[in-house]
Amino acid sequence: MSSRRRFIQQSVAATTGGVFYIAKTSWAQKSPGDTINMAVIGFHGRGGSHISGYKAQAKEGVRIAALCDVDRAVLDKGLAGLDKDGGGKLKAAGYTDMRKLFENKDIDAVSIATPNHWHSLAAIWAMQAGKDVYVEKPVSHNVWEGRQMVKAARRYGKIVQTGTQSRSSREGIFAAVKWVQAGNLGKVLLSRGLCYKRRDSIGKAEGVQPVPDTIDYDLWCGPAPKKDLTRKKLHYDWHWTWDYGNGDLGNQGIHQMDIARWFLGEMALSPRVWSVGGRLGYEDDGETANTQIVFHDYEKAPLIFEVRGLPQGKSAKDMDKLKGAGVGVIVECEGGYVVVPAYTGAIAYDKEGKQIQEWKGAEDHFKNFITACRSRRVEDLNADILEGHLSSALCHTGNISYRLGAKEKPDAILEKIKGDRFAAESFARMKEHLAKNEVDVTKDMLTLGPALKFDPEKERFIDSEAANALVKDKYREPFVVPEIA
Ligand SMILES: NC(=O)c1ccc[n+]([C@@H]2O[C@H](COP(=O)([O-])OP(=O)(O)OC[C@H]3O[C@@H](n4cnc5c(N)ncnc54)[C@H](O)[C@@H]3O)[C@@H](O)[C@H]2O)c1
């Protein structure tokens with residue numbers, strides 16, 4: 001076994017039940033005080049926070065040594081910004097092709113904020129080149145590649161942090177998770193994730209759109225199909241197309257999916273899943289649902305996820321809220337409920353709705369990554385890649401059911417889902433919400449996906465080849481996510 005593959009089994013993690021390893025790195029020979037050379041990959045939007053997150057740790061020996069973006073305009077702006085802040089001393093290297101960046105032996109770790117279809121391949125390539133990785137959520141574009149990332153992290157002994165920053169709310173959300181799991185509110189009955197976040201139409205493009213000449217479109221598409229650009233905006237709006245994005249479930253929603261699963265303490269995918277929804281209220285070039293319910297049938301208690309991209313009503317500006325949360329999580333228990341209304345805290349209520357506990361506090365998620373890079377202890381990470389894979393994959397399996405669905409009338413939908421605890425209630429609220437937006441679900445019908453049985457060990461569907469065909473993407477050579485033994 002090569003030294004790269006060697007790892008030292010260290011401890012069994014109480015929170016996950018998983019086995020953790022001391023991770024080796026290309027710079028393991030460095031002493032703890034040495035500089036960590038970071039590279040940020042993709043920074044038109046979220047990557048900007050990565051840059052400022054690492055810049056803020058300059059005093060702790062973190063240096064942004066390189067930037068990479070396939071958009072030359074984004075890259076030049078990023079490099080210029082670094083030069084200015086560093087008084088010209090930093091001299092970060094610039095790349096448009098991440099493969100060249102990975103060849104740079106001076107880089108210790110990379111931070112990935114590209115579109116979703118690139119996350120797994122970029123992360124695995126980086127690990128194979130000896131780098132530690134911080135990777136944005138969802139960590140994967142499909143179920144299969146997420147598992148390959150977990151395997152790669154263990155096999156190559158790398159530190160891999162998921163960009164679900166609410167996991168660094170240790171005195172806030174984590175304290176509430178422990179309190180609920182200790183039984184303070186009795187049995188958990190349901191964990192509900194909410195993503196009520198306004199998403200307007202992305203418009204309708206007329207024919208093929210020009211790709212800005214600053215962008216290397218072949219590299220932008222990477223492992224995904226290289227199709228003509230047929231939406232108005234190349235950047236960001238890919239979230240709403242299946243080839244590159246995962247809808248709002250896999251965008252904002254993955255944060256709350258992760259928190260909802262965290263409370264349940266589930267460390268595997270659900271054994272049965274279905275979804276209902278639609279892209280309603282406008283017609284545009286987007287494909288993913290803007291209104292959706294996902295039902296994960298965990299044995300102990302279900303996890304229900306609700307997406308709403310439309311406002312409270314046709315001419316309303318505000319979004320709906322449920323028990324004070326809009327983008328949040330509600331954990332229903334026998335003796336009351338806990339609401340997670342934001343990324344940094346939680347509030348417990350008794351059955352009558354009286355507040356009984358509150359938790360607040362968050363640490364810096366980028367800093368936590370750097371701490372673990374230095375300690376080489378995977379259990380120092382607040383959001384190890386295994387957590388990221390599971391929560392991302394819960395979004396993917398939900399979307400798979402939706403994508404295999406058929407349009408149905410509301411009564412027929414209710415008939416099929418009513419046997420699942422709490423599902424009928426969620427569906428009734430969804431219908432009410434759509435009616436307020438003047439969506440007539442008897443005409444613009446909702447799509448009900450099949451209830452799919454899933455083998456959490458194999459991470460494959462049972463008895464559905466159509467669903468299994470969506471577990472893994474068809475990669476475009478040479479951008480093929482490798483299978484990790
Ligand atoms: N953790 C959070 O709170 C949070 C918030 C927003 C977005 N995100 C995540 O960050 C990611 C990026 O989202 P965004 O809104 O910034 O998207 P975006 O489209 O605005 O930016 C993506 C950038 O990546 C670049 N890029 C594309 N392919 C590349 C490649 N092969 N190599 C290098 N650069 C490449 C693009 O040119 C662009 O500059 C998404 O996965 C999203 O889910 C996370």
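Domain bounds here come from an automatic or database domain assignment. On that basis the chain is divided into domain 1 (8–167 + 368–373) and domain 2 (169–362 + 385–468), and their C-alpha centres lie 27 Å apart. Before going further, keep in mind that this is a predicted model, where local features need pLDDT of at least 70, side-chain atom pairs count only at pLDDT 80 or more, and totals for chains, interfaces and linings use all residues. Residues are numbered from 1 along each chain as its sequence is written.

Let's start where the two domains meet. Counting two residues as in contact if their C-beta atoms, placed from the backbone, lie within 7 Å, 34 residues of domain 1 are in contact with 36 residues of domain 2. On the domain 1 side, α2 (72–85), α5 (143–156) and β8 (160–162) each supply at least two residues; helices (H or I, at least four residues) and strands (E, at least two) are DSSP runs, numbered from the N terminus. The largest share of that side, 6 residues, comes from α5. By class, it has 12 nonpolar, 16 polar and 6 charged residues, with Ala, Val, Leu, Ile, Met, Phe, Trp, Tyr, Cys and Pro counted as nonpolar, Asp, Glu, Lys and Arg as charged, and the others, Gly among them, as polar.

Now for the ligand. A residue is near a molecule if its C-beta atom, placed from the backbone, lies within 6 Å of it. Of the 28 residues around the ligand, G42, H44, G45, R46 and D71 come nearest. The shell splits into 12 nonpolar, 11 polar and 5 charged residues.

Next, the packing. A residue is buried if 20 or more other C-beta atoms lie within 10 Å of its own, exposed if 12 or fewer, and partly exposed in between, with C-beta atoms placed from the backbone. A nonpolar core is a set of buried Ala, Val, Leu, Ile, Met, Phe, Trp, Tyr and Cys residues joined through C-beta atoms within 7 Å. The largest one has 125 residues, of which A39, A123, V133 and F263 touch the most other members. Its largest share, 8 residues, comes from helix α10 (residues 385–403).

Finally, look at helix α9 (residues 365–375): 8 of its 11 residues are buried, so the helix is largely enclosed by the rest of the structure. What covers those buried residues includes β3 (36–41), α1 (47–55) and β8.
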